[in-house]
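This report describes the packing of one protein chain. The sequence and the structure are shown first, and the discussion follows.

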Amino acid sequence: MALMVCTFQLILFNVAFFGTGNFASIASFEISSVYRFITVFSPFLMATLLIFKLFIPFMLVICVFSAITKLLQVPRVGCYFLVILFSDVMTIHFFFLV
């Protein structure tokens, strides 16, 4: 059961990372995504909105993961260790392919 929960969390993290659009838009500071909310040029407020836009999906994934582990009564620490293990294996596999 814990294996399925950890796999589900990894899938949700991938969707959250790639679903936000251009994650590198913080470095390039493309204001087109926040210009609709603030018409006056305010770089600090626009950067704050841009950061919130990128981190909201990750906060939702964390909340869903906490809710699933509570509902299924799966040990949360064991799931964290499995997620870290899966992430490390996927990273090593990726680096060997590169």
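Against which helices do the buried residues of α1 pack? They pack against α3 and α4. The model is a predicted one, in which local features need pLDDT of at least 70 and side-chain atom pairs count only at pLDDT 80 or more, whereas totals for chains, interfaces and linings use all residues. Residues are numbered from 1 along each chain as its sequence is written, and side-chain values use heavy atoms, with hydrogens and water left out.

**Confidence**

pLDDT is the predictor's confidence in each residue, on a scale from 0 to 100. Its mean over the protein chain is 82, and 87% of the residues reach 70 or more. Where pLDDT is low, the predicted coordinates should not be read in detail. Helices (H or I, at least four residues) are DSSP runs, numbered from the N terminus.

**Helix α1**

With 18 residues, α1 reaches 25 Å from its first C-alpha to its last, close to the 26 Å expected at 1.5 Å a residue; the expected span is 1.5 Å times one less than the number of residues. Its buried residues are Val5, Cys6, Gln9, Leu10 and Ala16. Seen down the axis of α1, these residues fall within an arc of 140 degrees, so they line one face of the helix. The arc is that of the directions from the helix axis to the C-beta atoms. The face turned away from the buried side carries the exposed residues Met4, Val15, Phe18 and Gly19. Here buried means under 20% relative accessible area, exposed over 50%, and partly exposed in between (1.4 Å probe, protein chains only).

Gln9 belongs to α1 and is buried, with a relative accessible area of 6%. Neighbours within four places in sequence aside, Gln9 is in contact (heavy atoms within 4.5 Å) with Val61, Phe65 and Val83.

**The nonpolar core**

A nonpolar core is a set of buried Ala, Val, Leu, Ile, Met, Phe, Trp, Tyr and Cys residues joined through side-chain atoms within 4.5 Å. The largest one has eight residues: Val5, Cys6, Leu10, Phe65, Ile68, Val74, Cys79 and Val83. Two or more of these residues come from each of α1 (2-19), α3 and α4, and α1 gives the most, with three.

**Cysteines and accessibility**

A disulfide is counted when a pair of cysteine sulfur atoms lies within 2.5 Å, and the count by this rule is zero. The closest cysteine sulfur to that of Cys79 is in Cys6, at 3.9 Å, which is too far for a bond. The table sets out the accessibility of selected residues.

| Residue | Relative accessible area | Class |
|---|---|---|
| Cys79 | 0% | buried |
| Phe55 | 39% | partly exposed |
| Cys63 | 52% | exposed |
| Gln73 | 70% | exposed |

**Other positions**

Phe55 is placed in helix α3 (residues 43-72). Phe55 and Phe17 are 38 residues apart in sequence, and their C-alpha atoms are 9.1 Å apart in space. Gln73 lies in the loop between α3 and α4. Its phi is near 55 degrees, a positive value in a residue other than glycine.
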